[in-house]
Amino acid sequence: MTTAAANVLQYLLLVLGAPLLRALIARVKAVIQRRQGTNLWRPYADLLKLFRKEDLVPPDSSPLFRFAPMMLAASTFVAAALVPTVNQSALLAFAGDFIVLVYVLALGRFFMGLGALDGSSSFAGMGASREAMISALAEAPLLLGLIAVAILAGQGNIVEIVRWTLSQNFFDVSAVHAVAFAALAMVAIAETGRMPVDNPTTHLELTMIHEAMVLEYSGPSLALIEWAQAVKLTVVLSLLIGLFAPWGMAANLTLAGLALGLGAYLLKLVVLAIVIAVLESSIAKLRMYMVPEFLGIATALGALAVVFTALLRR
Amino acid sequence: MVLVDLAASKAMGSAAVLLFLTVLMLAAAKRMSTSIVAFALQSAVLAAQVLAVAHIHRSTESYVIGGLVILIKVLGIPYALFRLVDKLQAPRDVKLSLSPVYSVFITAGLIFLSFTAVHTYVQELRVSEDVLAAAVALILSGAFLMVSHGKALMQIIALLVLENGIFLAALITTFGMPMIIEIGVFFDLIMGVLLMGVFAFRIRDTFEHLDVSKLRRLRG
Amino acid sequence: MQLTRLFFDLHLAIPVAIPLILLPGWRSSRYRRVVPVLLFVSMFLGAATTLLSWRTGQLPIVDLSHLLPFPFVLTLDRLSSLFVFLICAVTAATTVFSVAYIERHYGTGQQAWIWTFLPLFVLSMVLVVTAASAFAFLFGWELMTVFSAALVAADGDSPERRHNLLIYLLMMHAGAAAVAASFFLFLPYTHGLTFTQIRAAGGTLPGRTAIAIYLLAFLGFSTKAGVIPLHLWLPRTHPIAPSPVSALMSGVMLKTAVYGLVRFGFDFLPHPAAWWGYLVLLAGVVSSVLGILYALAERDLKRLLAYSSVENIGIIYLGLGAALIFQAYQAPMWASLALVAALAHTVNHALFKSVLFMGAGSVSTTTHTLNLDELGGLFARMPYTGATLLVACCSIAGLPLFNGFVSEWLTFRSFLAGATLPSPVAQIILPLAAGVLALVGGLAAACFMGLFGTAFLGRPRGVAAKSAGEVPFGMCLGTGVLALACVAVGVYPALLLGPLSLVAASLIPSGNVAQELSLLPRVLPILTTCVVGILLLAMAIPRATRVTAIWACGLPTLSPRMQYTPTVFSKPLRSVFAAVYRPNRKIEVLPADQPYFPVAVSYRSERTTSFEQSLYRPAVDAIVAAANQVRRLHTGNVQMYLLYIFLTLVSLLALVKVLR
C-alpha cells in the first residue's frame, strides 16, 4: 500500500513539476545570456491563463483537431507512469515496458501530426512532415540503446534495469553503457525537440519543427500541448537518469530514504537542465538536412552498443 | 592511498571504453577543433593508463613516460595544432569524403573487427581483451581516418591516432617499454608534427588550399 | 462430430454449387442478390466449423481420394483452422462490403463475373490451407492463382493491364513450380504424399534433401508472399483489382504463403538449421524496409497499400526467421513466442489491411480517384469510413491500443530473447533486427500519418474530394466490423493470443509460452483505461471554441492548394533515403528563351524501383539474347529441321553408347 502511495506521489511530482524544469532551463539560459529571465513559476501562470482562454479552431477542421492535443496529453501522461524517479519502482512496471514507453510516446506524436495536418495550414503541415521524419529516424536508435542496456542488465523492465544498475559499482563503466548513453542522449535531444535538432524558442516559421506543428493551436489545446511537452522532456531525462545514474534512488520506503531519493533526483535534474542550457547557448541549430545525419550517428552508436553486449560477454 | 589504488584499477578497466568513444567522436567530427579535442581526450586516457600501469608495477620510468604523454600529447601537440589551424586560416571543416553516418558505421565495424581479431591472441598474451582490441581499433581507425579525410591537418591527427594505438599495444603487451625507446619515439613524433606542420604551410602557400586531393596537380 | 462435418461439407460445397446451379440465371438481378447471401452463409459455416472443431478437438476430414486419380484429403488441424477462420471472417466482412460496392462500380456482366469467381477464389484459398495431401494443396494453389487473376481481369481491359496480369501469372506459376518441386523431393523417402506420410519422412531426410526442399519451398512461397525481390507482381495486380478483391488478395491470399512456410518449416521439417532462419530474417529485413520506403513515396492510394503489404509480410518474416533460429538452437519457448508473434501479425495484417483496401474502395466510390494529391478533407464528409480508416492506420502504424502493436511488441520481445542464445552471431543479429523493426515502425507511422492526414484531414484539394459523401451503410458495416476487431484485439489481446498459443503448441510441443503471453492481456486493458481516463478528464475541461482563419503570414487567405500535399509530406524522408528511389526529376520552364520571365513551369518526377532496373532487366535481356541465338536455328527449311532430328537421334545413340 505504501509502495503504491509512494508511486502515486512520485508520478504526481513528475507530471505536476514538469513545467518547472522548462522554466529552469529558460532561466539558466537567461543567466548565461545576461538577461533578467522570468519567474520560475511563470509556466504555471501561462498554463492557467491558456486553460481559461477560448479555443480557436480553423474553419475546415474536423473534431480530430481538438482531439489530438488530448491524445498527446493522455499518452504522455501514461508514459510518465512507466519511469521510476524518486523510488525504485513505478506505477506501471512489467517485462518489456520500455517498448511500450517508446510506442506510447509515438501514439501521442501520431495524433499530434494528424491534428497539425487537419488545421490545413502550410506551416503546420511542414512541421508535421519534419516531425514525422525525425521521429521515424529516432525510433531505431532509441530502441537499440534501450535494448542494449536491457540485455546488459539481463532484465526486460525499466525498474529492474534501474535496480541492476544500482547493484553495480559506480565506477564500472561498461562499454555498453557508455555507447548506449551517447546514443540515447542524442535521441533524447531529438525526441524532446531541443537544440541542435529543433529550437524551442524560435519565432521564424521556416525554421520551426515542433513549434510549427502546433502553430494553429491556442487556449486549452495549447495548454495541453505545452504541458505534455514539458512532461515528455522530464520523462526522457528521468529515463536517462534512471538507466545511467540512478544512485541515490530510494530502495526502501523510509522517510529518510525517500528524502535522499528526492534530493538526488532533483539535483540530477538541475544538473541536466544546466547542461542543456549551456549546450543550447553555445551551439547553433543544425540545418534540417543535417538532422538525419545526427540521428544516423545515434543509430550507429545504438547498434554498436548492442554489438558490445555480445562481444563483452565472451 | 586506497583511493589511488582504486583510481588506478578503474583507469585500467574503463580505458578501452573511453578510447572507443574518442575514436567514434573522431569519426563523426565535422570540425577541426572537435577532432583536436577528441585526440587530446584520447591521449589523456592513454596517459591515465600509463600512470595506472606505473602505479601498479611501481616503476618510476613509467611515471616519467606518463608525464611526458601528458606534456606532449595532451597539451603540447593539441596546442600546436590549434595554433596551426589559427595561423592557416583554413576553413574549419574537416572535409570528410563520405557522410559522417557511414564513417561512424565503418568505425563501429572496425571496432567489431578488432575484437574478433584479437580474440585468439588474448589467451597467449595474457592481457585484457578489450584494451588490446582498443589498441588495434586505434590503429585501424587511424588508418581509416587518413583515407577518409581530405585535409592535410586531419592526416596529421590520423597519424597521431595511429601512433597512439601502437603505443597502447606496446604498453599493455610489454608493461612499459624501456625509457630510451619511448623518448626516442616522442622525439620522432614531435619532429613529425613539426615537419608536417611546415608542409601544411607550404601546401597552403602553393595551392592556397589544404585539400590533399589538389596535390594531384603535381603529377607530371 | 456430425454437425462439424456437415458444416464443413456445406461450407465447401456452397461456392462450388453457385456456378453449377445458379449460373444460367446470371443476367437476373436475383443472381446478384442470392450469391452474396450464400457466400456469407458459407463463410459463417466455415467459421462455425473451426470453432466447433476447436472446442471439441475433433478434426473433420474430407477424403475425395476415391473420386480422383490422386489422394485428395482435406482436414482441419489447429494451424489450418486458424487460417480458415481468418479467411472466413475477412471474407464475410468483405462480402457485406462488396454488395453495395460492386453494384455501384460495375455493369451487369461484370457483376455476374465477380460474383461467380469470388466464391471460387475463396474456396481455393480454403483448399490450400485445409489440404492434407500434396496434390490437394497444389490443386488449390493453382486454382487460387487462376481465380484471382480472373477477378483482377474483371476490372476492365487494356494492354497495360494485360501485361501486369501476364507478369502475375508467370511469377505465380514459377512459384507454384518451386512449391511442387519441393513436395516431389519428398517422394523417394515416402510411399505417398499425404501430409501424414510427409511428416513421417520429414525427420529422417538426409541433410541435403532437407535443404533443397526448404529452399524451394522458401522461393515458392516467397513469390506468393511478395517478398522483395520477388514482389514484382504485387504492386502491379493489387491496385488494378476491384477493391474488395484487393482486400482479399492482400489480407488473406498473401497469408497462404505464410501458412505454407510455417507448414514446411515447423511441421514437415522438424530440424531446421540456423541459417534457414537467418535467410528468412534477411528476406524480412529487406522487404520490410524497402517495402515501407516504396510505400512512403507512393501517391496512388492502392499502390501505397500494396507496398505496405510487402512491408508487413516482411515483419511476419522477421518473426518467422526468429522462430526458426530459436528452433535451431533448441530454445522451444522463444521459438513458440516468435511463431506466435508472426502468426499474430498475420491475423492483424489481414484485419487492418482489408479495412484499408475496402476504405480505398469507399474513397474511389465517392470521389472516383485514388490519387492522394487530389483528396483531402474527407473525414468531415465521410465520418464513418474516416473513423474506420483512422483505426486501421493506427493499427498498421503499430500504435498501442490497436492490434498492430500487439504483434510488434511480441516480435520485439522475441528478438530481445535472442541475447540469451549461446551463439554470438544470434546474440548480435537478433537484437539488431529489433532496431530494423523499430525503423520500419517509425517509417510506417510517418507513412500512414501522411496518408490519413492528407487524404482525410485538412481541406479538399480537388473538386472530387469536395463533393464526396458517405458511402452506403453496407460498405461502412463491412469495414466497421473489422475495425472493431482491430480495436478489440488491441485492447484485449487475449482474444487473439489464446488461440495462437494453442496453434504454436501444436507445432512446437515443448514450447510453453503461456506466461509470456499472459503479460500483454494484463497490461493493455490497464493502459487503455489510463489513456481513456485521461482523455475523458481532458474532454471535461470547460472551453469555448471559436472558428477563425488560420495564420497566413498576413496574406488574406490560404487556398487549399497551399496545404502540404502527400508528395511534399514524404519529401524529407525521401531525400534521406534518396539512394533507394533513384528519382528522375525534370523541370521545364516555358518559354525556354526567357528563363527569368516564365509563363509556365512544369515539374515531373519519376521513380523506378531499382530492382526492376538492376535485377530483372539484365535477366530479361539475357533471355531475349539467348532466344535470338536460338532463332538462328530456325531457318524455315524443312530439310534443316529433319537434319536436326537426325542429328539429335545420332548424338543420343552415341551418348547411350558412351555412358554404357
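Predicted model: local features only at pLDDT ≥ 70, side-chain atom pairs only at ≥ 80, totals over all residues.
Residues are numbered from 1 along each chain as its sequence is written, while chains are lettered from A and ligands numbered from 1 in the order in which they are written.

**Contacts between chains**

Two residues are taken to be in contact if their C-beta atoms, placed from the backbone, lie within 7 Å. Two pairs of chains touch, and the most contacts are those between chains A and C. Chains B and C, by contrast, are joined by no contact, and their closest C-alpha atoms lie 11 Å apart.

The contact of chain C with chain A takes 67 residues from chain C and 70 residues from chain A. Helices and strands are named here from DSSP runs (H or I of at least four residues for helices, E of at least two for strands), numbered from the N terminus. Several elements of chain C each supply at least two residues of the side that touches chain A, among them helix H22 (519–539) and strand S3 (545–547), but H17(C) gives the most, with 19 residues. For chain B, 19 residues are in contact with 17 residues of chain A, and the elements giving two or more residues to that side of chain B are helix H1 (2–28) and helix H4 (100–118). Of these, H1(B) gives the most, with nine residues.

The table sets out the two sides by residue class, where Ala, Val, Leu, Ile, Met, Phe, Trp, Tyr, Cys and Pro count as nonpolar, Asp, Glu, Lys and Arg as charged, and the others, Gly among them, as polar.

| Chain B, touching chain A | 14 residues | three residues | two residues |

Strand S1 (residues 55–57) of chain A and S3(C) pair in the parallel sense over three bridges, and the bridge partner of A:Asp55 in S3(C) is C:Thr545.

**Helices of chain C**

Helix H3 (residues 78–105) and helix H20 (residues 494–507) of chain C pack at an angle of about 145 degrees with their axes 8 Å apart; axes are lines fitted to C-alpha atoms, for helices over the stretch in contact, and angles run from 0 to 180 degrees between N-to-C directions. In this packing C:Arg78, C:Leu79 and C:Leu82 of H3(C) meet residues of H20(C) that include C:Pro499 and C:Leu502.

Of the 22 residues of H27(C), the number buried is zero, so this helix lies largely in the open; a residue is buried if 20 or more other C-beta atoms lie within 10 Å of its own, exposed if 12 or fewer, and partly exposed in between, with C-beta atoms placed from the backbone.

**Backbone features in loops**

Most residues other than glycine have a negative phi, and most peptide bonds are trans. A:Arg34 has a positive phi near 55 degrees and counts as exposed, with 7 C-beta neighbours inside 10 Å. C:Leu401, whose phi is near 80 degrees, counts as buried with 22 such neighbours inside 10 Å. The peptide bond from C:Ile228 to C:Pro229 is cis, with omega near 10 degrees, and C:Pro229 is found in the loop between helix H8 (207–225) and helix H9 (234–237) of chain C.

Technical notes
Pairing = 2+ DSSP bridges.
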